[in-house]
Amino acid sequence: YVAASGHSAYATTFYSRVVDLYIICGTKLNAPSQKAAEEMALRNCQAGLTHWKLKTASGGCAISASK
């Protein structure tokens with residue numbers, strides 16, 4: 001993420017140390033815009049939750065870092 005030259009974003013599930021035992025994340029590197037990078041990172045994170053059939057106690061995904 002940091003080393004990517006273009007617009008990039010990192011999304012992750014909310015994490016509660018007491019309840020959740022895992023973190024799902026999604027990224028998008030070198031997107032045409034910051035908004036596109038954030039949208040793709042969120043979609044990738046949500047796809048991970050769907051693929052692995054996971055539910056987090058604290059909710060879905062959110063952008064953790066974006067540039």
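Cys-45 and Cys-61 form a disulfide, with their sulfur atoms 2.0 Å apart; the term stands for a pair of cysteine sulfur atoms within 2.5 Å. A disulfide is a covalent bond between the sulfur atoms of two cysteines. Before we go on, note that this is a predicted model, in which local features need pLDDT of at least 70 and side-chain atom pairs count only at pLDDT 80 or more, while totals for chains, interfaces and linings use all residues. Residues are numbered from 1 along each chain as its sequence is written, and side-chain values use heavy atoms, with hydrogens and water left out.

A search of the whole structure finds one disulfide. Cys-45 lies in helix H1 and Cys-61 in strand S3, so the pair ties together parts that are 16 residues apart in sequence. Helices (H or I, at least four residues) and strands (E, at least two) are DSSP runs, numbered from the N terminus. The torsion about the S-S bond of Cys-45 and Cys-61 is about -80°, so this disulfide is left-handed. Are the two cysteines, Cys-45 and Cys-61, buried or exposed? Both Cys-45 and Cys-61 are buried; that word means under 20% relative accessible area, with exposed being over 50% and partly exposed in between (1.4 Å probe, protein chains only). Cys-25 is in no disulfide, and the nearest cysteine sulfur, that of Cys-45, is 7.1 Å away.

Here are some residues and how accessible they are.

| Residue | Relative accessibility | Class |
|---|---|---|
| Ser-8 | 0% | buried |
| Asn-44 | 31% | partly exposed |
| Cys-25 | 42% | partly exposed |
| Asn-30 | 45% | partly exposed |
| Lys-53 | 75% | exposed |

**Strand S1 and its partners**

Strand S1 is mostly covered, as five of its seven residues are buried. S1 pairs with S2 in the antiparallel sense over five bridges, and S1 also pairs with S3 in the antiparallel sense over five bridges. Two strands pair if DSSP finds at least two bridges between them. You can follow both pairings at Ala-11: Gly-26 in S2 stands opposite Ala-11, and in S3 the bridge partner of Ala-11 is Ile-63.

**A closer look at Ser-8**

Ser-8 belongs to strand S1, which covers residues 7–13. What does the side chain of Ser-8 reach at 3.3 Å? The answer is the backbone oxygen of Gly-6. A polar atom of the Ser-8 side chain also lies 3.2 Å from the backbone nitrogen of Asn-30. If we leave aside neighbours within four places in sequence, the residues in contact with Ser-8 (heavy atoms within 4.5 Å) include Tyr-1, Lys-28, Leu-29, Asn-30 and Ala-37.

Most residues other than glycine have a negative phi. Asn-30, which is not a glycine, has a positive phi of about 55°, and Asn-30 sits in strand S2 (residues 25–31). Lys-53 is not a glycine either, and its phi is positive at about 55°. You will find Lys-53 in the loop between helix H1 (34–51) and strand S3 (61–66).

**Asn-44 on helix H1**

Asn-44 is part of helix H1. Which residues touch Asn-44, leaving aside its neighbours within four places in sequence? Asn-44 is in contact with Cys-25, Gly-26 and Thr-27. The C-alpha atoms of Asn-44 and Tyr-10 are separated by 9.6 Å, and these two residues are 34 residues apart along the chain.

Conventions:
Polar contact = N/O pair within 3.5 Å; in protein donor to acceptor, adjacent residues only side chain to side chain.
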